Amino acid sequence: MDIDVVKDYYGKTLRSSDDLKTMACCTPGDMPARVKALLANIHDEVLTKYYGCGLVVPDLLEGRRVLDLGCGAGRDVYALSQLVGPNGEVVGVDMTPEQLETARAHVDWHMDKFGYDRPNVSFLDGLIEKLDALGLEPESFDVIVSNCVINLSIDKPAVLKGVFDLLKSGGEFYFADVYADRRLDEAARMDPVVYGECLGGALYWGDFLELAKAAGFGDPRLVTSRPLEITDPDVEEKIGAARFYSATYRLFKIDDLEPACEDYGQIVVYMGGAADAPHSFTLDSHHVIEKGRAFPVCGNTWRMLKESRLAPHFKFLGDFSTHFGVFPGCGTNFPFASDRDGATKECC
Ligand SMILES: C[S@@+](CC[C@H](N)C(=O)[O-])C[C@H]1O[C@@H](n2cnc3c(N)ncnc32)[C@H](O)[C@@H]1O
């Protein structure tokens, strides 16, 4: 797919989220109260040009440095700006001038609204496949987010490599995107509308997991997922029997995570302190960790909590000295699996 086709779709064809032909976008009515409160402080023009497919608001961001890949008109940047606070920073990158123009036009309005003396956001014009051309310091971001963009990339391995290079050790890529339940045929992949609607470039989820691992993200964790409804008959005709899911994954940059979940008899206890998780902390769809309660974990989960910004909120019991075999029911999973086993569904 020619990248200019995508640029035109988001810069010229679409005027607002009402022009989309799928139900990929979240509707505020179904969102958690904390996200609604953030969005209530965002300018209407920015909200109108939101084309994301999930929520990218991980916990514990205060004072952190965050990058948003394909930030569009800036809705998520301005939501995250409130979460990182005046001492944190959010950088958005996008390639479509019209989207960046909207994002930049409202910086002062948002800083006034949030009560910040100086902007904690900036918007860069660039390609997410060429993050190293943006002058960003390697290993300088705590968290990288993205909302419905990676599927549009024509070089997904380059994006994942750039993300890996920009993350600090223990940092994470927390992103929502569209996945297919199969590899799509050429006609679906090359159709400009199917592609622009975030379907044609969607990865078969098995291929995504392999790409993520090849880029150094050892144990991708599914946070939420939901099936997408295709509302346009022409698009439906072109995609045939393929089914699509919006899914949010988190990929931690932690060296040498094990290929499977292994049991070393380790336990964590959530101590509380994450503002949005007073009673339980959700790491992913398999790990909702109740405050104050001993929670057995595999070695990879133990390391994700212990070697990331999440560590101060947990107690860690155990070590890696004794191996007790495989840790059942944990680790990497596919969107369709969460539909079947009743794991966390996306709230939008
Ligand atoms: C589906 S929209 C999502 C925008 C935004 N994340 C949101 O939630 O509203 C996709 C955005 O990614 C941008 N984009 C797509 N491919 C890109 C690339 N290779 N490099 C930079 N930006 C890209 C588009 O310009 C568009 O703004």
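How do the residues of the shell around the ligand divide into nonpolar, polar and charged?

Reply: In this predicted model, the shell around the ligand is made up of 13 nonpolar residues, seven polar ones and three charged ones. That makes 23 residues around the ligand, and those that come nearest are Tyr51, Gly70, Asp94, Thr96 and Glu129.

At Gly70 the backbone takes part: one of its N or O atoms lies 2.7 Å from a nitrogen atom of the ligand. Asp94 uses its side chain, where an N or O atom is 2.6 Å from an oxygen atom of the ligand. Thr96 also has a side-chain N or O atom by a ligand oxygen, at 2.5 Å. The ligand on its own has 590 Å² of accessible area, and the protein covers 99% of that. Its site is the largest cavity.

As for the elements involved, helix α1, residues 3-13, gives the most to the shell, with three residues. The unreviewed UniProt entry annotates residues 62-216 as "domain: Methyltransferase". Over that stretch the chain is 37% helix and 25% strand, and the C-alpha atoms at its ends are 26 Å apart.

Note on methods
Residues are numbered from 1 along each chain as its sequence is written. This is a predicted model: local features need pLDDT of at least 70, side-chain atom pairs count only at pLDDT 80 or more; totals for chains, interfaces and linings use all residues. Side-chain values use heavy atoms; hydrogens and water are left out. UniProt positions are given in the numbering used here, feature names are shortened, and annotations may be inferred rather than shown by experiment. Helices (H or I, at least four residues) and strands (E, at least two) are DSSP runs, numbered from the N terminus. A residue is near a molecule or strand if one of its heavy atoms lies within 4 Å of it. A polar contact is a pair of N or O atoms within 3.5 Å; within protein, one must be able to donate a hydrogen and the other to accept it, and residues adjacent in sequence count only if both atoms are side-chain atoms. Accessible areas come from the Shrake-Rupley method with a 1.4 Å probe; for residues, only the protein chains shown count as cover. On a 1 Å grid over the protein atoms alone, a cavity is a set of points where a 1.4 Å probe fits but cannot get out, and a pocket is an open set with protein on both sides within 12 Å along at least five of seven lines; lining residues have an atom within 4 Å of a point. A molecule sits in a cavity or pocket if more than half of its atoms lie within 2 Å of its grid points. Ala, Val, Leu, Ile, Met, Phe, Trp, Tyr, Cys and Pro count as nonpolar, Asp, Glu, Lys and Arg as charged, and the others, Gly among them, as polar.
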